[in-house]
Amino acid sequence: MAANLVNAEAVSKVYGTRALLDGVSLGVSEGDRVGVVGRNGDGKTTLIRVLAKLEEADSGRVTHSGGLRLGVLTQHDSLDPAATVRHEVIGDLADHEWAGSAKIRDVLTGLFGGLDLPGFPQGLDTVIGPLSGGERRRIALAKLLIEDQDLIVLDEPTNHLDVEGIAWLARHLQARRSALVCVTHDRWFLDQVCTRMWDVQRGTVHEYEGGYSDYVFARAERERIAATEETKRQNLVRKELAWLRRGAPARTSKPRYRVEAANELIADVPPPRDSSELMKFASARLGKTVFDLEDVTVQAGPKTLLKHLTWQLGPGDRVGLVGVNGAGKTSLLRALADAAVTQGEQQPADGRVTVGKTVRLAYLSQDVAELPPALRVLEAVQQIRDRVDLGKGREMTAGQLCEKFGFTKEKQWTPVGDLSGGERRRLQLLRLLMDEPNVLFLDEPTNDLDIETLTQLEDLLDGWPGSMVVISHDRFFVERTTDRTFALMGDATLRMLPRGIDEYLERRRRMIEAAMPAPAPVPAAKAARTASAADARAAKKELQRIERQLDKISDRESALHSRIAENATDFEKVAKLDAELRELVAEREDLEMRWLELADDA
């Protein structure tokens, strides 16, 4: 039976007048892999901080097993800004020691792309202070994963990781023996890593067996049994169930927790999108041309990101764009947006972008647009327009769309200045959609959005008629909302991927392996210097070890001589002690010979 690591008994935690945790009892045992989900502000982070004893519960009790080795990744790191990456991650280990550790090599390569940390100006010797929040977060995660723990607690570990980094982290955590509690909005990641789910809602925690897909099934059944009156939410759950059952690409193959009643819920649910109908409607709104690129070169300063690109975004196309950081995904969207805003007058460095005459582009960038802080949420939406046409005769008022994006009637009167980062992101999306665009560029739209808001956004986009390009590290969102995937491979080209993100990861793996240096052609002088330096370090260590052994042997020899003198009349005992002394002398002579050899080489 697995040992219990952490127990929470009747734990409550109140902030202001709101109970985030109300009499919660649960536990984590050896081998548990727990995913924590729930709406933003419902208490996910508070729950894991209380479990990790980073915060005290107002009532109840949290206990840890004796000697528990606990590692925690919080949303705010405690790294020393004056320290180097080497000092924080590797500590005092010598180069040959950490480089000889398979675990350390795997973590550095997986999180930073190489042992020399290619994205950092001085590699491992880069000072932490000037680094971005995303870079600091990866350093904190590397520091945590290099150590050995019984339990790892992670709060949004996939933030600031690209698709490759997230895939590596999933594999790494699957292979670890540590128990895991993880808060994340990345549904693909939850499905790959977790075997249990905690759903934090209104002060309580509902537990489910299995990963994210299993959780969706079980939650739908629980809501059906409870005869919930939340019809909108139930319909969203049914739609997501249908999507999961049809098998999104890269869905995990582990056994599913099936509930017959949940299967009945989705028996009559159609596919998420009627692609042919949306294509017809998009063509009617956009005509034949949206964006045509011919022999285009995209640059960022002196760096060429894309060369000789000929590509077309047609009416109704829904494209997912993936690629390594810095490959040019955002730069490509900006080049297209600049051409659209200037009606084709502003063109890239080389080549030509043709923009359709009817294109109405909405571009959600990674920067949250600033709004007057005194403006209310509803007023900020009504500033664009009061009603929005969703196609097929469907209309929504500003207030209705606000509710669909999680802004309740009370929340709609909240000043913009009082909103959290995630709520501002939602408001930014809302305002874009209210402007009735027919082309959407979404650059990391899932940042700061909880899973419930993501499913509502996906539902809205299912019926949205137009052309769309999505850049996201959220694999589930890309696979759920787009029909085709293109990749920037970091070699100034754009490629279509018929098998989606799985194919992208395979191609990247082959590119990295092909780029690895061949073992043979190293200059002889350099190889000799490297070998000589390594040999010298090893010889120095062995000399020190031999000197310590010789000291110990000398002490043992003195003790044996004393014992022989004390037992001079006991011939049997003297003979035994003499034999032991001769063995010790032989060992000392061998060590002395080895010491002389090493000293000569040094």
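A salt bridge is a side-chain nitrogen of Lys or Arg within 4 Å of a carboxyl oxygen of Asp or Glu. The legends below refer to a predicted model.

**View 1. Salt bridge between R360 and D435 in the protein chain.** The two side chains meet at 3.5 Å, N to O. R360 lies in the loop between β13 (350-355) and β14 (361-364), and D435 in the loop between α15 (421-434) and β17 (439-443), so the pair ties together parts that are 75 residues apart in sequence. R360 is partly exposed, with a relative accessible area of 40%; D435 is partly exposed as well, at 36%. By the rule above, the model holds 28 salt bridges.

**View 2. Salt bridge between E423 and K411.** The N to O distance is 3.1 Å. E423 belongs to helix α15, while K411 sits in the loop between α14 (398-404) and α15. E423 counts as buried at 13% relative accessibility, whereas K411 is partly exposed at 26%.

**View 3. Salt bridge between D502 and R475.** The side chains meet at 2.4 Å, N to O. Because D502 lies in helix α18 (residues 501-515) and R475 in helix α17 (residues 475-481), the pair ties together parts 27 residues apart in sequence. R475 is buried, with 3% relative accessibility, and D502 is partly exposed, at 31%.

View 4. Just after α4, G113 adopts a positive phi of about 85 degrees.

Methods:
Residues are numbered from 1 along each chain as its sequence is written. This is a predicted model: local features need pLDDT of at least 70, side-chain atom pairs count only at pLDDT 80 or more; totals for chains, interfaces and linings use all residues. Side-chain values use heavy atoms; hydrogens and water are left out. Helices (H or I, at least four residues) and strands (E, at least two) are DSSP runs, numbered from the N terminus. Buried means under 20% relative accessible area, exposed over 50%, partly exposed in between (1.4 Å probe, protein chains only).
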